[in-house]
Amino acid sequence: MNWHATITLFGSVAIIFLTGLIASRNQSSDKSFIQDYYLGGRSLGGFVLAMTMTATYGSASSFIGGPGVAYNQGLGWVLLSVTQVATGYFTLMILGKKFAIITKRYNAVTMVDFLKERYQSKTVVVLSSISIVIFLFSAMAAQWIGGGRLIESLTGLSYHSALFIFVITVLIYVTFGGFRAVTLTDAIQGSIMFIGTLVLLIAVIIAGGGVPAIINELNNINPNLITPFGADGTLTPAYVSSYWVLVGVGVVALPQIAVRAMSYKNTRSFHRALTIGTIVVGVIMLNMHIIGAFARSILPGIEIGDKVMPEIALHVLPAWVAGIVLAAPLAAIMSTVDSLLLLVSSTIVKDIYINYINPQVNRKKVQKISMGITAILGIIVFLIAVNPPDLIIWLNLFAIGGLEAAFIWPIVLGLYWEKGNRFGALSSMLVGILSYVLLHSFYPDPFGMHVVVTSIVLSLIAYIGGSLIMKEQSL
Amino acid sequence: MLTQHKDYRIKIANREALIGIGLVLFNFIWWFGFAYGLGSGDIAGYDYIFGFPAWFFYSCIVGVLIMAVLVFIIVKKFFVEVPFDDEELEKR
């Protein structure tokens, strides 16, 4: 067991956790509980907004999985990963002021609220709630597992105790703190990620004897590692470019991101978030993946991709610094998990319970139910993560792309195209999800591109077709 | 009165969304052009800048920095502050 790393890792996590609790104490009660718990009373400043976007988006895949792939594929995978810099500005600019103005007018708290008001259709609400709950629930379980594995490999605790510690921490502060606590902790976590990856990258470059030496070494191992085409030349320009859709512009449609684009205080914070977000996302993604690619020249022969980050950190840094730096990926996982947890909970409480089961519920009861649901959800996910069933792992494969294919047009065209209506939205969601799942299973990578591109094109056709053919008047 | 004000905000919002699309297109062309323009040749013929292969340096490292600078400038120059509260709107 690595005591120094363990102590600093948990120390950092404890500081984050305390902030969450303190923030929850400061929650004002002049706004409605729902607005406050799920949206932080629409009061985010620029820095917090940028950081919470980054931290929510930069999940286990970008911090543990991504560098592992870069380790195997070389600079070509770094090229693929920097497409994510677009999320720093594109998401906010597209949803931007319009989303904030309109959701405020609708008094919308969740993405489903927006869809409900925009399309005035119960079917749209139910279908979108169900897809959010199913897809994000499985995405969350996968993050849970990633968090457990990270603690396990760094501290030497067993997977189950690692998972247990992880889950308890997240659950307590999400349950009691709500959105404001989550975004505040996100801001700290985002900062840790930013500084942590910078420190680690510098340490890696020093350990490798400078950039030219590292590149030279990679060239000796396999010259393809320093080309844009991946270790065995299989990363084609078309395939890599399609990631602009999957992890770049498509991110607009992820509910956990969209909800943040309606939570800021004023346009000044929005403008600051754009500037900060772009540089932070860009630097973090670039650093993380360069670290992964460079690690190959320093520690060749790591077989499990997920272990690249912890092992390289422990190798090039003093153990206690490694603990703090690795708090960054852990923080990333935690912040993804906490926002997903909150989102699934808000979908159930706000979009289903209050909309259809009990609209006359009072504030006290909503408060109890919200916290209760959040806690219960967390416990269920924990039980799943202890012994993950195949279904969850299968569903998680579809989570990001599936949600994008389902929601991108109902949101974007719902905002910018007045003729779009509920028929368009419904057919777009159905076509998006079905084509994504079917293509993914039976005909992967059509046209040499990631499945998500084809599904998004099909769902666009469905949205426009559905809206034009079934005019609202014909009802 | 109120609708008129709302119209002016929506117009600004639409323009800024178009700027977002323009930026992402520029970003993509820069990224694609340097990566595959400089990186497709023979590895023996690669140029290196600060030790990085030139395609990587321009496409990824400079690409990220240039986007950060561009976003900063564009937000400062072209993005307009608008009020979100209806009361604040009425006062204008």
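# Close-up views of a two-chain predicted model

Figure 1. Along the principal axes, the C-alpha atoms of chain A fill a box of roughly 70 × 50 × 45 Å. Chain A holds 19 helices and zero strands, where helices (H or I, at least four residues) and strands (E, at least two) are DSSP runs numbered from the N terminus. Of the 475 residues in chain A, 62% are buried; a residue is buried if 20 or more other C-beta atoms, placed from the backbone, lie within 10 Å of its own, exposed if 12 or fewer, and partly exposed in between. Contacts join residues whose C-beta atoms, placed from the backbone, lie within 7 Å. Among contacts in chain A between residues at least 6 apart in sequence, 84% join residues at least 24 apart. Residues are numbered from 1 along each chain as its sequence is written, while chains are lettered from A and ligands numbered from 1 in the order in which they are written. Because the model is predicted, local features need pLDDT of at least 70 and side-chain atom pairs count only at pLDDT 80 or more, whereas totals for chains, interfaces and linings use all residues.

Figure 2. A:G196 is buried, since 27 other C-beta atoms lie within 10 Å. Beyond its neighbours within four places in sequence, A:G196 is in contact with A:I324, A:V325, A:A327 and A:A328. A:I302 is 106 residues from A:G196 along the chain, and their C-alpha atoms are separated by 22 Å.

**Figure 3. The largest nonpolar core, with 188 residues.** Such a core is a set of buried Ala, Val, Leu, Ile, Met, Phe, Trp, Tyr and Cys residues joined through C-beta atoms within 7 Å. The members that touch the most others are A:L136, A:M140, A:A313 and A:A331. The element giving the most to this core is α9(A), with 19 residues.

**Figure 4. The contact between chain A and chain B.** Chain A gives 40 residues and chain B gives 39 residues. On the side of chain A that touches chain B, the elements giving two or more residues are α5 (75–81), α6 (85–106), α10 (211–221), α11 (237–248) and α13 (267–298). The largest share of this side, 12 residues, comes from α6(A). Its residues divide into 26 nonpolar, 10 polar and four charged; Ala, Val, Leu, Ile, Met, Phe, Trp, Tyr, Cys and Pro count as nonpolar, Asp, Glu, Lys and Arg as charged, and the others, Gly among them, as polar. The predictor gives the complex an ipTM of 0.88 and a pTM of 0.85.

**Figure 5. Chain B, with three helices and two strands.** The order along the sequence is α-β-β-α-α. Buried residues are 28% of the 92 in chain B. The average pLDDT (the predictor's confidence in each residue, from 0 to 100) is 85 in chain B, and 85% of the residues score at least 70.

Notes: Two residues are in contact if their C-beta atoms, placed from the backbone, lie within 7 Å.
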